[in-house]
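Please look over the sequence and the structure below before reading on.

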Amino acid sequence: MSSELLLSVQLILSFVVLSVQQVVVVDSGVESVLLPCRTTVHLPEGARVEWKDRYNIKVHVYENGSDQPKEQNQFYRTRTKMNEDLLRTRDFSLTLKHPTDEDSNIYTCIVSSREGNILMKKRVRLQVKVCQVEVEEGAESVLLPFITTPELLGDAEVEWRWSPHKTLTQWNVHMYKNGSDQLEEQDQVYRNRTKMNEDLLRTGDLSLVLIRPTKRDSGKFRCRVRREGDVLRGKTVHLIVKAATVPVQNQPEDIRTRSSSTDPTPLMADHQV
């Protein structure tokens, strides 16, 4: 058997083995997660390594001996990393920084030849648990955490919204755009009850402080970071406000018990290209 034919057989066997899906489960809030992809088969020089998500969006591209960040979708840019000299080590694992529930997806690593022929493929299912925060009613405040890489956020808009569990009803909790908070865009029930860090786009700390949480605040707080309609980052925090050990007196009436505010635009389940 010639060496070229032997290599072809090895690559075919490698493709079959590495097509088996692997599941990675991680808590929201970890600094990074590793999506494993390794092989023992020698690959030709000039091979292209590409990670894509289930929507065929480019997560990370390595070609001509270096990363190609310009080919990445903005949602993943500055949040991914691969090992150096990966064609020699045959370790194509991908590190994804600051994963959130928005990153729960099926990721595929594809290695192809210079001519475009697929040499190897592996799928990894990533499940990032939704962040859950518990607080007792009567607490002075509660922090809804969201840390991400600050690069490329620039002049993006940051929006926090609240909705009860299992409904599409939404309330505007906090809006940050044009370099400042937009308090006039808040729904009345959240006026004077929210706070975000200064210079948040530079630091990447998009966490929200909710002041005087009550049981009626229990639900989903969803943060979206957008620029010109494209979603750059996203995270959901489930807030559970437990009954106070000592009854809380003179709580203000919650306008949500008397009326509703529905956003005509459904929640975006997928990020845009």
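What follows describes a predicted model, starting with strand pairing and moving on to salt bridges.

Three strands form an open sheet in the order 11-16-15, and their pairing is antiparallel. Strand 11 (141–144) and strand 15 (194–196) are the edge strands, each pairing on one side only. From one strand to the next, the twist averages 25°.

Strand 11 and strand 16 (residues 208–211) run antiparallel and are joined by four bridges. The partner of S141 in strand 16 is I211.

Side chains of opposite charge can pair when their charged atoms come close. The whole structure holds 18 salt bridges.

One of them joins D27 and K129, at 3.5 Å from N to O. D27 lies in the loop between strand 1 (22–26) and strand 2 (32–35), while K129 lies in the loop between strand 9 (118–128) and strand 10 (131–136); the two are 102 residues apart. D27 is partly exposed, with a relative accessible area of 43%, and K129 is also partly exposed, at 41%.

E102 and R224 form another salt bridge, with their closest N and O atoms 3.1 Å apart. E102 sits in the loop between strand 7 (94–97) and strand 8 (105–112), and R224 sits in strand 17 (residues 219–227), 122 residues away. Both residues, E102 and R224, are buried.

## A linked network

R48 and E50 meet through their side chains in a salt bridge of 2.9 Å, N to O. R48 counts as buried because its relative accessibility is 15%, under the 20% cut-off. E50 is buried too, at 9%.

This pair belongs to a network of salt bridges that links R48, E50, K52, K58, E63 and E71.

Notes
Residues are numbered from 1 along each chain as its sequence is written. This is a predicted model: local features need pLDDT of at least 70, side-chain atom pairs count only at pLDDT 80 or more; totals for chains, interfaces and linings use all residues. Side-chain values use heavy atoms; hydrogens and water are left out. Two strands pair if DSSP finds at least two bridges between them. Axes are lines fitted to C-alpha atoms, for helices over the stretch in contact, and angles run from 0 to 180 degrees between N-to-C directions. A salt bridge is a side-chain nitrogen of Lys or Arg within 4 Å of a carboxyl oxygen of Asp or Glu. Buried means under 20% relative accessible area, exposed over 50%, partly exposed in between (1.4 Å probe, protein chains only).
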